[in-house]
Amino acid sequence: MDISLVIPLLNEEESLPELSAWIEKVMLENNYSYEIIFVDDGSTDHSWCVIEQLRSKNQNIKGIKFQRNYGKSAGLNEGFRAAQGDVIITMDADLQDSPDEIPELRRMVIEEGYDLVSGWKKKRYDNKLTKNLPSKIFNAAARQMSKIKLHDFNCGLKSYSRKVVKSIEVYGDMHRYVPVLAKWSGFKKIGEKVVEHRPRKYGVSKFGWTRFINGFLDLMTIFFMGKFGKRPMHFFGLWGTFFFLIGFGFSVYLVISKIALNTPLTNNPGFYMAMTAAIIGIQLFMAGFIGELVARNAVGRNSYLIEKKEGL
Ligand code: UDP
Ligand code: MG
């Protein structure tokens, strides 16, 4: 199969018929064998009925319905597991992404050998202040932390080669940073293509202002996991030791000077600071130790992607 389209959706009943008709047209024009996997992320409108109706007319349309709303990442993850195509293309269901971009996105993966091609909504049709500006800041930060040169990490329109989607797991709210997950798995050829972005035609955006808080926290996770995920002790142990030594050293000094010179101890603010530092140090050290124990038991601790083997 040439292409699997993975489309997560939450309450997008009005958009679905138009979207699938448009995709079918593009597929037919290019003579692709394809499947459209709609992942209904716990919609409370008639989205699932619409998907069933669409499927009764076109067997290439498939659907997964979640029992409740799990989030876009979960939708993508399930879609990725089910996908059978050589190239997997994700897009939003709200008609903000144009299916006309599909042939070029596929070509870049097949012919130019990209592992992942991310759309870049260079000209956006969203609210300027609440979305465009924060998104610029986020992308700059994500670029810095991940060292992946993309302008638009969170674009819903992306294409992947099959081996990428089969080896990454999109969890939590990490749909914003799928390129980073791909990079962690060892996929280096990550490119981007300027794509047409369109205003939302029906319904409303499904992410409120909490997107900024969550996006920021996930960015922190990415930064930390990328650097210390496999060796938490190198972070916590270092700072733990640092604080402990300062606190302990200073306490010893204060106690000795109390004994030798009878300087005040308990009514000296330095004494309490030293004690606090020693306690923080021990706390950090223990966090690192527990982190190491967790990392040691992680399911993926020894799963490597092997590119080639010889004689084995
Ligand atoms: N979506 C989803 N689950 C959610 C939230 C959103 O599957 O919990 C889908 C939504 O239906 C749409 C896509 O994710 O197809 C992008 O969402 P939206 O257009 O609301 O985001 P925005 O364009 O505002 O960033
Ligand atoms: Mg949208």
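Predicted model: local features only at pLDDT ≥ 70, side-chain atom pairs only at ≥ 80, totals over all residues.
Residues are numbered from 1 along each chain as its sequence is written, and chains are lettered from A and ligands numbered from 1 in the order in which they are written.

The largest nonpolar core comprises 56 residues, and L5, V6 and I7 have the most contacts inside it. Such a core is a set of buried Ala, Val, Leu, Ile, Met, Phe, Trp, Tyr and Cys residues joined through C-beta atoms within 7 Å. A residue is termed buried if 20 or more other C-beta atoms lie within 10 Å of its own, exposed if 12 or fewer, and partly exposed in between, with C-beta atoms placed from the backbone. In soluble globular proteins, nonpolar side chains tend to be buried together. With residues up to four places away in sequence not counted, I7 touches I36, I37, F38, V39, M91 and A93; contact requires that the C-beta atoms of two residues, placed from the backbone, lie within 7 Å.

Helices α1 (residues 15-30) and α2 (residues 47-57) pack at an angle of about 30°, and their axes are 9 Å apart. Helices (H or I, at least four residues) and strands (E, at least two) are DSSP runs, numbered from the N terminus. Axes are lines fitted to C-alpha atoms, for helices over the stretch in contact, and angles run from 0 to 180 degrees between N-to-C directions. On the α1 side L16, P17 and S20 take part, and these meet S47, V50, I51 and L54 of α2. By class, this contact has five nonpolar, two polar and no charged residues, where Ala, Val, Leu, Ile, Met, Phe, Trp, Tyr, Cys and Pro count as nonpolar, Asp, Glu, Lys and Arg as charged, and the others, Gly among them, as polar.

Around ligand 1 there are 17 residues, of which P8, D41, A93, S205 and K206 come nearest; a residue is near a molecule if its C-beta atom, placed from the backbone, lies within 6 Å of it. Strand β1 (3-9) and helix α3 (72-82) each supply at least two residues of this shell. The shell has five nonpolar, six polar and six charged residues.

Two residues other than glycine have a positive phi: N31, with about 60°, and L95, with a value near 70°. N31 is in the loop between α1 and β2 (34-40) and counts as exposed because it has 7 C-beta neighbours inside 10 Å. L95 is in the loop between β4 (87-90) and α4 (102-110) and is buried, with 21 other C-beta atoms within 10 Å.

G71, in the loop between β3 (61-65) and α3, is buried, with 22 other C-beta atoms within 10 Å. Neighbours within four places in sequence aside, G71 is in contact with D41 and D173. G71 and D41 are 30 residues apart along the chain, yet their C-alpha atoms are separated by 6.6 Å. A142, in helix α5 (residues 128-146), counts as buried because it has 24 C-beta neighbours inside 10 Å. Its contacts, with neighbours within four places in sequence left aside, are F153, Y177 and L219.
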